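The exercises below concern the structure shown next. Each consists of a task and a solution worked in steps.

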Amino acid sequence: MAVHNADIARVLEEIADLLELKEANPFRIRAYRNAARTVGDLRIDIAQTLAEGKPLPKLPGIGEDLTAKIRDIVATGSTALADRLRKEMPPGITDLLRVPGLGPKRVKHLWHDLGVHTLAELQRAALDGRIRGLAGFGEKTEAAIREAVERQLTKKQRVKLVVAAQYAEPLAAHLAGAKGVRDVVIAGSYRRMKETVGDIDILVTSSDPQAVMARFESYPEVRETLARGPTRASALLASGLQVDVRVVPVESFGAALHYFTGSKAHNIAIRRLGQERGLKVNEYGVFKAGRGGAEKRVAGETEESVFAAVGLPWIPPELREDAGEIEAARRGALPVLVRREDLRGDLHAHTKATDGKNTLAEMAAAAKAAGLEYLAITEHSRRVTVARGLDPQRLAKQADEIDRLNATLEGITLLKGIEVDILEDGTLDLPEASLAGLDLVVGAVHSKFGLTRAQQTERILKAMDAPHFSILAHPSGRLIGAREPYDVDMLRIVRKARARGIALELNAHPERLDLIDTYCRMAKEEGVLVAVSSDAHGVADFENLRFGVGQARRGWLEAKDVLNTRPLAELRRFLAATMGRSAAGARRSGRGR
DNA sequence: GCCGTTTTCGGCCCGACTGTTTTCAGTCG
């Protein structure tokens with residue numbers, strides 16, 4: 001069974017949990033957690049790299065010892081340390097660490113004093129009132145554990161960014177109405193444009209923190225206050241989403257915004273940089289130690305000042321993952337990230353002809369209103385029967401309609417395309433003759449998600465060898481929270497795209513956002529263009545482009561890395577090159593590189 | 001366990017809130 005990076009990360013994380021319960025050296029524990037994160041975010045597949053006999057690249061925070069353990073995990077699925085720790089502790093005990101309010105110390109007490117080591121046993125003990133008697137525990141703690149376990153057992157997932165926006169933005173507007181408020185910013189992973197958000201962090205600057213706290217608690221959607229201090233409060237909204245509100249004085253705005261935007265790993269790295277310069281970085285500012293223990297604030301009003309204090313230029317929030325952005329900033333090599341207004345067109349959209357909601361003319365007008373200069377109409381092909389996909393006759397008919405409409409349009413040009421299905425055997429769902437007359441062909445997998453990695457990869461590589469193939473749509477097929485990506489060797493796909501001059505789509509639909517950020521970086525590094533496309537099924541869907549751009553920015557993409565930032569004439573040259581080639585697969589008898 | 005334009009040893013980010021306790025440990029982000 002293939003061991004994926006996520007599997008390696010899981011074992012390292014489990015080791016960290018178990019070591020924590022043993023109260024091992026906290027820095028050793030952190031080393032395992034950092035390594036788990038590094039491996040989990042890695043763009044190359046470790047098992048595959050090793051299988052090819054190549055050395056692993058030098059990874060930050062992973063030294064000799066962890067490298068050896070990672071090799072063990074790839075070879076056997078585990079490593080001696082993990083096996084030994086698992087024997088020392090009861091199975092399921094690490095689940096208890098996931099319960100909010102329970103850390104290693106309390107879990108140890110529960111285990112040693114009450115023999116509790118599963119969530120079910122914990123719930124039982126809390127209901128029986130056996131927890132309140134333990135040293136350091138009381139009635140309130142017991143009640144909190146009882147509720148936390150119930151929540152844990154009906155565990156809710158992170159919400160999609162678009163959903164978080166629907167709850168966070170009105171709440172931010174509500175808070176802005178409190179007395180003494182200057183700024184209200186939704187920070188956290190929301191500001192970093194992460195595809196999903198675990199909770200909402202709202203930063204407020206105000207001369208009257210109590211008024212902000214009161215305003216927050218009066219918000220009609222607040223269901224339950226979880227914590228409330230003079231400058232900080234947490235609450236659950238009726239939707240189940242947790243919100244943390246934090247108030248700081250205006251002179252701390254930049255430092256607090258940086259702090260609450262995160263990510264945690266990025267913040268730690270920045271603080272370490274500060275430390276090297278004799279500076280303390282916290283959410284109130286950047287401080288230098290003065291005589292007699294006095295501290296002098298040297299930065300904090302703006303984010304720029306915080307970065308400058310540690311010798312860096314301002315880093316865009318989307319990059320703040322401690323994934324190389326600090327090194328890039330230090331070298332003056334930060335990317336100039338693509339912006340929504342850089343997009344000149346959209347290369348994936350549907351109309352009423354298939355499963356869209358609007359007509360060609362309506363979609364053209366909406367695209368123009370969204371600031372676009374061109375829009376590719378790319379209906380489903382006949383295989384997608386539920387969407388009434390187009391056969392050759394209907395496709396030809398639509399092409400004629402587009403020609404007629406284009407003659408009347410001003411300021412927007414429709415392109416003739418198709419989202420053609422990639423069939424199980426890697427052939428396309430429409431004949432070459434039908435595709436040849438189009439401006440572009442977007443190929444997509446909509447069936448047989450369960451093929452093996454090798455089968456799925458060969459299927460897609462073969463499709464990309466077709467004579468007419470411009471863009472690979474939603475390359476992994478995942479639906480956030482609903483469907484896992486299909487198993488595919490993305491590096492081979494990216495390299496095939498480069499060899500064939502094909503672009504990869506970053507589908508901006510908030511449920512897809514596929515390519516993911518790490519594969520955007522891979523595409524950029526391999527010299528492959530990414531198309532940020534709405535996959536619009538209605539006139540409102542061009543709004544989604546902002547989420548696609550957010551993901552592209554997380555993937556370090558600049559305007560030059562994005563196909564649809566090109567002016568129409570340049571785009572046409574790119575597309576023309578993808579639309580009239582010989583079939584590469586025929587000559588090479590299907591053997592991919 | 002990692003790491004070094006101060007270091008191969010001795011460091012490793014920092015503050016708010018809660019509950020239980022009486023001055024602070026534990027947890028969280």
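**Exercise 1. The setting of Thr359**

In which loop is the place of Thr359?

Solution. The model is a predicted one.
- Step 1: Thr359 belongs to the loop that runs between strand S11 (345–346) and helix H17 (360–369).
- Step 2: A residue is buried with 20 or more other C-beta atoms within 10 Å and exposed with 12 or fewer.
- Step 3: Gly538 is 179 residues apart from Thr359 along the chain, yet 8.8 Å separate their C-alpha atoms.

**Exercise 2. The setting of Asp439**

Locate Asp439 and decide whether Asp439 is buried or exposed.

Solution. 
- Step 1: The loop between helix H19 (432–436) and strand S14 (442–444) holds Asp439.
- Step 2: Asp439 counts as buried because 23 C-beta neighbours lie inside 10 Å.
- Step 3: Beyond neighbours within four places in sequence, the contacts of Asp439 are Ala376, Leu415, Lys416, Gly417 and Leu575.
- Step 4: Leu414 is 25 residues apart from Asp439 in sequence, with a C-alpha to C-alpha distance of 9.7 Å.

**Exercise 3. Overall form of chain A**

Why does chain A count as being as compact as a globular protein of its length?

Solution. 
- Step 1: Chain A contains 25 helices and 17 strands.
- Step 2: The globule rule gives 25 Å for 593 residues, and the radius of gyration of chain A is 27 Å; the two values are close, so chain A is as compact as a globular protein of that length.
- Step 3: The C-alpha trace spans about 80 × 60 × 50 Å along its principal axes.
- Step 4: Of the 593 residues, 44% are buried.
- Step 5: Among contacts in chain A with a separation of 6 or more, 68% involve residues 24 or more positions apart.
- Step 6: The domain assignment divides chain A into domain 1 (5–153), domain 2 (159–248), domain 3 (262–330) and domain 4 (353–582). The centres of domain 3 and domain 4, taken over C-alpha atoms, are 41 Å apart.

**Exercise 4. Nonpolar cores**

Which residues touch the most other members of the largest nonpolar core?

Solution. 
- Step 1: The largest nonpolar core has 125 residues, of which Leu175, Ile202, Leu375, Ala503, Val530 and Val532 touch the most other members.
- Step 2: Helix H13 (residues 253–261) supplies the largest share of this core, six residues.
- Step 3: A separate core of 32 residues lies apart from it, including Ile46, Leu66, Val74 and Leu96.
- Step 4: With residues up to four places away in sequence not counted, Ile202 touches Leu171, Ala172, Leu175, Val184, Ile186, Val243 and Val245.
- Step 5: In soluble globular proteins, nonpolar side chains tend to be buried together.

**Exercise 5. The surface near DNA strand B**

Which residues come nearest to DNA strand B, and which elements give two or more residues to the surface near DNA strand B?

Solution. 
- Step 1: There are 39 residues around DNA strand B, and Gly63, Gly103, Gly138, Gly229 and Arg232 come nearest.
- Step 2: Two or more residues are given by each of helix H2 (26–41), helix H4 (64–76), helix H7 (104–114), helix H9 (139–153), strand S5 (222–228), helix H14 (264–276) and strand S8 (279–282).
- Step 3: H14 gives the largest share, five residues.
- Step 4: By class, this surface has 14 nonpolar, 13 polar and 12 charged residues.

**Exercise 6. Backbone geometry**

Solution. 
- Step 1: Most residues other than glycine have a negative phi, and most peptide bonds are trans.
- Step 2: Leu515 lies in the loop between strand S16 (503–507) and helix H22 (517–526).
- Step 3: Asp535 counts as buried because it has 24 C-beta neighbours inside 10 Å.
- Step 4: Trp556 has 24 C-beta neighbours inside 10 Å and so counts as buried.

Key. Residues are numbered from 1 along each chain as its sequence is written. Chains are lettered from A and ligands numbered from 1 in the order in which they are written. This is a predicted model: local features need pLDDT of at least 70, side-chain atom pairs count only at pLDDT 80 or more; totals for chains, interfaces and linings use all residues. Helices (H or I, at least four residues) and strands (E, at least two) are DSSP runs, numbered from the N terminus. The radius of gyration is taken over C-alpha atoms; the globule rule is 2.2 Å times the number of residues to the power 0.38. Two residues are in contact if their C-beta atoms, placed from the backbone, lie within 7 Å. A residue is near a molecule or strand if its C-beta atom, placed from the backbone, lies within 6 Å of it. Ala, Val, Leu, Ile, Met, Phe, Trp, Tyr, Cys and Pro count as nonpolar, Asp, Glu, Lys and Arg as charged, and the others, Gly among them, as polar. A nonpolar core is a set of buried Ala, Val, Leu, Ile, Met, Phe, Trp, Tyr and Cys residues joined through C-beta atoms within 7 Å. Domain bounds come from an automatic or database domain assignment.
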